[in-house]
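Reader: I have a structure open and would like to go through it piece by piece. Can you start with the ground rules?

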Amino acid sequence: MAELPDFVSIREVGPRDGLQNEDPIPAEAKVRLLDALAGTGVRRIEAVSFVHPRAIPQMADADEVWQRAAKVDGVRYSALVPNTRGAQRALAAGFTEIEVVVSASDTHNRRNVNRSTDQSLDDIAELIDLLHGASARVEVIVATSFGCPYEGDIDPKRVAGIVDRVVRDGADRVAFGDTTGMGTPRRVRELLTAVRDRDAQVPVLLHFHNTRGTALANLLTALELGVTEFDASVGGLGGCPYAPGASGNLATEEAVHMLHDMGIDTGIDLAALVEVAELAEELLGKKLPSGVLRAGPRTRLTPLPS
């Protein structure tokens with residue numbers, strides 16, 4: 001087995017990516033969830049997205065939520081923006097870590113933002129210039145990297161070509177989204193190989209959905225290939241409103257449970273995280289898919305002796 005890292009960085013995406021696929025909840029509840037997550041030891045949180053309320057009504061109160069959030073020292077908060085107007089709002093709110101998204105699938109991109117993939121890449125090039133001019137860092141998320149609900153399989157070389165373009169345009173880092181949950185260890189390996197053959201130095205993050213139950217297997221494969229940054233969502237919240245049938249994200253507590261048992265640190269208190277997942281269930285008024293929530297344990301595991 002390949003040598004595994006000592007530390008993995010998890011970005012908690014429940015407050016944005018998770019909640020955008022749920023029925024809207026009040027701003028006060030969003031702030032409670034955001035602040036509770038910041039107290040678990042997680043070091044990165046995707047807090048909000050600055051999108052038009054007609055497109056994603058769940059994020060209509062993003063300005064209010066961010067204004068009321070505690071903004072805990074030592075936690076890096078980021079926001080997702082779809083266009084120039086969203087970028088201007090994020091900068092005005094004080095964000096210095098910004099995410100923009102493009103779909104590898106042209107059909108999904110048109111369903112999502114009513115533009116072709118190439119048109120979105122042109123827009124992103126302008127956004128990168130705007131955001132860099134304001135001293136913000138830009139992460140480009142490539143959605144449907146492992147498959148599309150409309151087009152099916154996505155050629156890893158197409159994803160690698162998109163990475164070529166955004167790196168050339170100045171992206172600080174790249175993330176790959178398994179929007180449909182079609183990712184498998186084989187697809188993870190093929191995509192990372194295609195990208196690294198052309199852009200070996202670009203920092204990457206992986207974002208897995210658990211639609212088909214492969215999220216943890218995909219995470220392990222990526223670990224073995226040297227990836228140390230991942231997205232996860234408390235309780236397994238989330239999905240994608242423009243990917244029919246794409247159920248929740250990789251549950252943060254499931255990822256932390258597995259990593260800690262493997263002797264890999266995340267800086268996150270698992271027991272505290274499970275309590276936040278229970279809070280999320282209370283705030284949403286429904287059960288969430290996380291297995292750790294149902295079965296425990298409630299404390300950090302001690303790795304088995306080698």
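Author: Helices (H or I, at least four residues) and strands (E, at least two) are DSSP runs, numbered from the N terminus. Residues are numbered from 1 along each chain as its sequence is written, and side-chain values use heavy atoms, with hydrogens and water left out. This is a predicted model: local features need pLDDT of at least 70, side-chain atom pairs count only at pLDDT 80 or more, and totals for chains, interfaces and linings use all residues.

Reader: OK. Where is Asn114?

Author: Asn114 sits in the loop between α5 (106–113) and α6. Its phi is positive, about 60 degrees, although Asn114 is not a glycine.

Reader: Is Asn114 buried or exposed?

Author: Asn114 counts as exposed, because its relative accessibility is 66%. The cut-offs are under 20% relative accessible area for buried and over 50% for exposed, with partly exposed in between (1.4 Å probe, protein chains only).

Reader: Which other residue has a positive phi although it is not a glycine?

Author: Thr144 is one, with a phi of about 50 degrees. Thr144 is in the loop between β5 (137–143) and α7 (156–168). At 0% relative accessibility, Thr144 counts as buried.

Reader: Now the strands. What do they form?

Author: A closed barrel of 8 strands, in the order β1-β2-β3-β4-β5-β6-β7-β8, with parallel pairing. On average, neighbouring strands of this sheet are turned by 30 degrees against each other, direction ignored. Axes are lines fitted to C-alpha atoms, for helices over the stretch in contact, and angles run from 0 to 180 degrees between N-to-C directions.

Reader: What counts as a pair?

Author: Two strands pair if DSSP finds at least two bridges between them. Strand β2 (residues 44–49) pairs with β3 in the parallel sense over 5 bridges, and Ile45 stands opposite Tyr77 in β3.

Reader: And on to β4, how many bridges?

Author: 2 bridges join β3 (residues 76–80) to β4 (residues 97–103), and these strands run parallel. Ala79 stands opposite Ile98 in β4.

Reader: How many residues of β3 are buried, and how many of β4?

Author: In β3, 4 of the 5 residues are buried, so the strand is mostly covered. β4 is also mostly covered, with 6 of its 7 residues buried.

Reader: What about Arg173, buried or exposed?

Author: Arg173 lies in strand β6 (residues 173–177) and counts as buried at 11% relative accessibility.

Reader: What is Arg173 in contact with?

Author: Leaving aside neighbours within four places in sequence, its contacts are Arg44, Val138, Glu139, Val140, Val202, Pro203, Val204 and Glu229. Contact means heavy atoms within 4.5 Å.

Reader: Switching to helices. At what angle do α4 and α6 pack?

Author: Helix α4 (residues 84–93) and helix α6 (residues 117–133) pack at about 15 degrees, with their axes 10 Å apart. They are therefore roughly parallel to each other. Angles under 35 degrees count as roughly parallel, over 145 as roughly antiparallel, 65 to 115 as roughly perpendicular and the rest as oblique.

Reader: Which residues meet there?

Author: Thr84, Ala87 and Leu91 in α4 meet Leu127, Leu130 and Leu131 in α6. The residues of this contact divide into 5 nonpolar, 1 polar and no charged. For these classes, Ala, Val, Leu, Ile, Met, Phe, Trp, Tyr, Cys and Pro count as nonpolar, Asp, Glu, Lys and Arg as charged, and the others, Gly among them, as polar.

Reader: And how do α6 and α7 pack?

Author: At an angle of about 30 degrees, with their axes 10 Å apart. That makes α6 roughly parallel to α7. Thr117, Leu121, Asp122, Ala125 and Ile128 in α6 meet Arg158, Ile162, Arg165 and Val166 in α7. This contact divides into 5 nonpolar, 1 polar and 3 charged residues.

Reader: Last one. How many residues of α10 are buried?

Author: 8 of the 10 residues of α10 (residues 252–261) are buried, so the helix is largely enclosed by the rest of the structure. Among them are Glu253, Glu254 and His260.

Reader: What do the buried residues of α10 pack against?

Author: They pack against β1 (9–12), α9 (215–224), β8 (229–232), α11 (270–284) and α12 (291–295). Just after α10, Gly263 takes a positive phi of about 80 degrees.
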